[in-house]
Amino acid sequence: MLTEVELERYARQVMLFGKDGQERLKKARVFIAGAGGLGCPVALYLAAAGVGYLRIVDKDLVERSNLNRQVLHWEQDIGKEKVRSVEEKLLAINPHIEIEALCQVIDQTNISELVGDADLIVDAMDNYPTRYLLNRTAHEKNIPLIHGAIRGFDGQATTVIPGKSACLSCIFPCAPPTEVFPVVGVTPGIIGMIQANEVIKYLVGAGKLLTDRLLIWNGLLAEMDTLRFSRRCDCEVCGHGSADV
């Protein structure tokens, strides 16, 4: 049940989706893969919205070169585990939620345990091998996946509902080349907030999700488009030849 303090804190949201919706946020468990450029705004806005439990996993330490875009890491955090830096800020923003911060590499040996019984998986990573691993785990566990990616002034986002929509491997059957890519800080801010918006919509049952649509943000033109796509029969994760179909 929501306390009186929580009802006051979330009053403007309760006007949108009622106490029941806010209680669904409070009961929700969200797994966030990554505590960097995308993970920071995702975690920030989910914490502020009152999502009750956030498990955040990232293996890195804060570096000075992160500070132009990873908005929950500050100068005094350089050298600190990113997940600890994020945890401190989120609990200062909202002490009514629970944060589990894990400084670990996400790989095939631990991903199932890390995701656990989450209601949603948020892909806030910067590499496609881990994204594909998250996508496969989402299908194996039947957990929705909220994807986001950025480069320079451009970004993208989509939502995967296992068994109902195309998956990440349907859209990107081959990973792009690995690179250290340029980025301006506002781009992960925009895409991260879109991802957080998708999480909230899913949890409260509002609006239309980005299923079977890839949202494309062009920051230089200040234009946003969506590309429609379909589930591929030959997809190794969700197609006819996969284990869950």
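Residues are numbered from 1 along each chain as its sequence is written, and side-chain values use heavy atoms, with hydrogens and water left out. Because the model is predicted, local features need pLDDT of at least 70 and side-chain atom pairs count only at pLDDT 80 or more, while totals for chains, interfaces and linings use all residues.

Helices (H or I, at least four residues) and strands (E, at least two) are DSSP runs, numbered from the N terminus. Helix H2, residues 11-27, packs with helix H8, residues 186-204, at an angle of about 115°, and their axes are 9 Å apart; axes here are lines fitted to C-alpha atoms, for helices over the stretch in contact, and angles run from 0 to 180 degrees between N-to-C directions. H2 and H8 are therefore roughly perpendicular to each other, given that angles of 65 to 115 degrees count as roughly perpendicular, under 35 as roughly parallel, over 145 as roughly antiparallel and the rest as oblique. On the H2 side, Phe-17, Gly-21, Arg-24 and Leu-25 meet Ile-200, Leu-203 and Val-204 in H8, where contact means heavy atoms within 4.5 Å. The residues of this contact of H2 with H8 comprise 5 nonpolar, 1 polar and 1 charged, with Ala, Val, Leu, Ile, Met, Phe, Trp, Tyr, Cys and Pro counted as nonpolar, Asp, Glu, Lys and Arg as charged, and the others, Gly among them, as polar.

Gln-22 also lies in helix H2, and at 0% relative accessibility Gln-22 counts as buried (buried means under 20% relative accessible area, exposed over 50%, and partly exposed in between, with a 1.4 Å probe and protein chains only). When neighbours within four places in sequence are left aside, the residues in contact with Gln-22 are Leu-2, Tyr-10, Gln-13, Val-14, Phe-17, Ala-49 and Gly-50.

In the second pair, helix H3 (residues 39-49) and helix H4 (residues 82-93) pack at an angle of about 25°, with their axes 9 Å apart, and H3 and H4 are therefore roughly parallel to each other. H3 and H4 also cross in a right-handed manner. Cys-40, Ala-43, Leu-44 and Ala-47 of H3 make this contact with Val-86, Leu-90 and Ile-93 of H4, and by class the contact of H3 with H4 has 7 nonpolar, no polar and no charged residues.

A disulfide is a covalent bond between the sulfur atoms of two cysteines. With a disulfide taken as a pair of cysteine sulfur atoms within 2.5 Å, the count comes to 0 disulfides. The sulfur of Cys-40 is 14 Å from the closest cysteine sulfur, in Cys-103, which is too far for a bond, and Cys-40 is buried, with a relative accessible area of 0%. Cys-238 is likewise in no disulfide, the nearest cysteine sulfur, that of Cys-170, being 3.3 Å away; at 1% relative accessibility, Cys-238 counts as buried.

Most residues other than glycine have a negative phi. Asn-142, although not a glycine, has a positive phi of about 60°; Asn-142 is placed in the loop between helix H6 (128-141) and strand E5 (145-151) and counts as exposed at 54% relative accessibility. Asp-212, also not a glycine, has a positive phi of about 60°. The loop between H8 and strand E7 (213-218) holds Asp-212, which counts as partly exposed at 24% relative accessibility.

Notes
Left-handed = near helix turned anticlockwise from the far one by under 90°.
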